[in-house]
Amino acid sequence: MKSGRYRKYFFGIKKKAVFTISLIFGIIFFLTYLGIDKVVKENTREFLTEQYSYLNDKVLGSFGGLYEELNSLTADFITNDYVQKTLTNQQITAADKEMLEKTLSYYNKSFLDSYLVIDNKGNLYSQRDVSLDMEKFRRSTIYKSLGEDYSKTKILWTRDVIFGTNKMSFFAVRYIHEMNSVHDAGVLILKLNEQVMGAVQESAVDEELAYFIVNPNQEVCFKKLPESMGENWQQELEQVFPKADGEYDTEAEMQQEGQKKDHILLSNNLKHGILSGKTDEKTQFTVITYAPGSITNQIIREIQLVMGLIFGFMYILTVLGVAAFTDKLTRPIQYLSSTMRAFDDSKLEEKVALDTNTELDFIGQAYNKMTVKVKSLMNDVMHKEKELKDSEMQTMLYQIRPHFLYNTLDTIYMLARIQKEETIMKMTQSLSKFLRINLSNGRESIAVSQELEHVSSYLEIQKIRNADLFQYEIEAEQGIEQLYVTKMILQPIVENCIKHGFRDIYSDGRIWIRAYQEEGYLCFTVKNNGTVIGQEALVQLNRMEKVSMEEMDQLIQKRQGGFGICNVVKRLRLRYNHQIRFYYEAEADGTLCVIKIKLEELENEFVPTGDSINEER
């Protein structure tokens with residue numbers, strides 16, 4: 001029932017055309033949209049990655065500028081006369097120490113929190129009271145970071161074990177060398193406050209991005225986050241960036257997070273955003289810029305929206321265009337359809353008029369020709385019906401005539417018998433059998449035995465007419481007598497034997513007739529020992545089973561007696577289609593004619609059930 005409603009709803013060329021073409025274009029648009037969308041996403045992400053990488057380089061440049069400023073500051077500290085004096089063998093006085101501390105205090109930088117000078121003899125010089133265990137100091141991260149480089153400033157993000165705060169802080173450290181002689185080096189330690197990243201923070205101009213700086217140990221020492229941070233990518237950031245050491249709750253948590261750092265910070269394909277990072281070669285600090293998904297996806301969504309609107313508009317235009325085109329195309333089809341549905345014999349004179357400049361015009365012309373032919377056929381049918389009625393009337397009249405003829409022949413036969421006229425008796429009896437089988441109550445098919453009796457009656461009459469001209473033999477294979485075949489197929493063949501085969505003799509003619517089965521065929525052969533058939537006639541007769549009905553009449557010239565043969569072949573072909581064989585053979589002692597009919601074709605023959613030829617008297 002649902003299928004029926006579906007078919008009814010989608011009935012009509014226009015609906016099917018609009019639906020099919022719209023579906024095809026919809027699939028094409030959809031696949032094109034997906035392909036373009038993928039390319040746009042990749043290109044947009046690549047473009048944004050390059051843009052954010054540029055911003056990252058800008059922040060990295062600001063951090064590099066900070067390093068140069070610190071490097072210059074440490075150089076000023078090192079070249080200070082009083083600092084240099086602490087490295088010599090001279091004993092520094094209290095006045096020198098006071099002047100040293102006062103002089104160093106003049107280097108007033110907003111980001112400088114505290115300084116500490118450790119000379120090569122282990123003395124400490126600072127504006128604060130600092131007590132330092134030198135053995136522990138040499139084991140600290142600050143001292144180890146100096147390494148073997150005696151002239152390079154090192155920036156560190158590490159825990160404050162010098163000035164007693166025990167918090168994570170920035171430090172600038174450098175060896176101090178005596179410039180005029182060779183002595184052991186001292187150490188300069190500058191503790192920096194949060195303002196040291198002021199210039200870096202100002203360089204992070206895009207307020208929608210997140211900025212991070214991590215030290216070589218992958219510890220976050222600076223971060224700047226946007227005020228409106230989405231919850232999704234904020235959770236992602238917590239997974240990507242480890243906490244500062246001071247933010248860990250336990251030592252175990254710090255160690256666990258430390259195992260994740262190297263792997264996480266190498267990732268540049270986050271689910272919700274774009275991560276860009278670059279390392280400063282001098283300090284080995286890494287600047288990382290993170291663009292959240294709320295920004296990148298918003299740009300992509302805007303592009304997708306524009307693409308969707310364009311493709312949607314194109315699809316709507318396509319559907320409307322298809323609907324308009326199919327409407328123009330189907331309007332004449334609907335006109336033809338309604339005309340044909342309303343067609344009856346009262347509208348044979350009506351013609352369809354189409355001028356679409358398409359193949360539909362030929363359909364309209366064909367329809368007009370069809371109505372003319374239908375009208376002509378109806379007239380022919382009416383005429384045939386009248387002829388059929390007349391024929392039925394004549395048939396009823398002719399049914400009386402055969403009985404009159406048979407009774408008349410029987411009377412002649414009885415009178416000849418009374419007068420003891422054997423020849424007349426024999427001829428009358430043969431003629432009566434010949435005519436009875438020939439008419440056979442109007443049936444087309446008769447038994448093989450009756451066909452052989454029919455040709456035998458004909459030969460008996462011909463023997464009386466042509467005394468001593470020929471003798472004949474008829475032989476039938478047992479079991480085939482009751483097969484039914486088309487009647488009067490042997491008599492024309494036999495007639496040709498007498499008329500053409502015996503035209504040059506006056507006696508001793510012989511005719512042999514055989515009926516038998518062979519390889520699925522019912523076979524009849526008729527042979528005579530008269531004049532052998534000519535080659536030209538042989539070729540023409542043997543072509544008749546293959547050429548068309550119209551060509552048959554052209555092969556045989558009627559004045560040469562070929563009409564009867566042609567009639568036999570036509571009736572055999574009409575009755576049994578192409579399941580027959582008919583041919584002549586020229587032999588040394590005469591001419592042979594062969595007729596073969598497929599046995600399976602004989603199964604369709606009508607077999608009479610109640611009447612027989614002998615009951616027609």
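Predicted model: local features only at pLDDT ≥ 70, side-chain atom pairs only at ≥ 80, totals over all residues.
Biologist: How many disulfides does the structure hold?

Modeller: In general, a disulfide is a covalent bond between the sulfur atoms of two cysteines. The structure here holds zero disulfides.

Biologist: How many helices and strands make up the secondary structure, and what percentage of the residues is buried?

Modeller: The protein has 19 helices and 16 strands. Of its 617 residues, 40% are buried. The accessible surface comes to about 36700 Å², and carbon and sulfur atoms hold 53% of that area. As for contacts, take those with a separation of 6 or more: 64% of them join residues 24 or more positions apart.

Biologist: Which backbone atom does the side chain of N528 reach?

Modeller: The N528 side chain comes to 2.9 Å from the backbone nitrogen of G530. N528 itself is in strand β14, which covers residues 521–528. At 4% relative accessibility, N528 is therefore counted as buried. Leaving out residues up to four places away in sequence, N528 touches several residues, among them C497, R510, W512 and D589.

Biologist: How many salt bridges does a search of the whole structure find?

Modeller: The search finds 10. One of them pairs the side chains of K596 and E518, with 3.7 Å from N to O. This pair links distant parts of the chain, since K596 is in strand β16 (residues 590–598) and E518 in strand β13 (residues 509–518), 78 residues apart. The two partners carry separate labels: K596 is buried because its relative accessible area is 17%, whereas E518, at 35%, counts as partly exposed.

Biologist: What is the N to O distance between K527 and E587, and where do these residues sit?

Modeller: The side chains of K527 and E587 meet in a salt bridge at 2.9 Å, N to O. Here too, distant parts of the chain are linked: K527 is in strand β14 and E587 in strand β15 (residues 580–587), 60 residues apart. E587 has 25% relative accessibility and so counts as partly exposed. Elsewhere, salt bridges with shared partners join D113, D160 and K191 into one network.

Biologist: And what is the distance in the salt bridge of D504 and R503?

Modeller: Their side chains meet at 4.0 Å, N to O. D504 is partly exposed because its relative accessibility is 48%.

Biologist: Now the surface. Which residues make the nonpolar patch, and which helix gives the most to it?

Modeller: The patch covers about 760 Å² and is made by I24, F25, I28, F313, Y315, I316, L317 and L320. Helices α2 (13–78) and α10 (293–341) each supply at least two of its residues. The most come from α10, with five. I24 belongs to helix α2, and at 44% relative accessibility it counts as partly exposed.

Biologist: Where is K97, and how far is K97 from K85?

Modeller: K97 is in helix α4, residues 94–105. With 36% relative accessibility, K97 counts as partly exposed. K97 and K85 are 12 residues apart in sequence, and their C-alpha atoms are 9.9 Å apart in space. Apart from neighbours within four places in sequence, K97 is in contact with I92, L124 and Y125.

Biologist: Last, the backbone. Which residues have a positive phi although they are not glycine?

Modeller: Most residues other than glycine have a negative phi. Q218 has a positive phi of about 65 degrees, and its place is the loop between β6 (210–214) and β7 (220–224). M488 also has a positive phi, about 60 degrees. M488 is found in the loop between β12 (484–486) and α15 (491–501).

Definitions and conventions
Residues numbered from 1 in each chain as written. Heavy atoms only, no water. Patch = residues over 30% accessible without salt bridge, like charges linked within 9 Å, V, L, I, M, F, W, Y side chains within 5 Å. Areas by Shrake-Rupley, 256 points an atom, 1.4 Å probe, with all protein chains shown as cover. Helix = DSSP H or I, 4+ residues; strand = E, 2+ residues; numbered from the N terminus. Buried < 20%, exposed > 50% of the residue type's maximum accessible area, 1.4 Å probe, protein only. Contact = heavy atoms within 4.5 Å. Disulfide = S-S within 2.5 Å. Polar contact = N/O pair within 3.5 Å; in protein donor to acceptor, adjacent residues only side chain to side chain.
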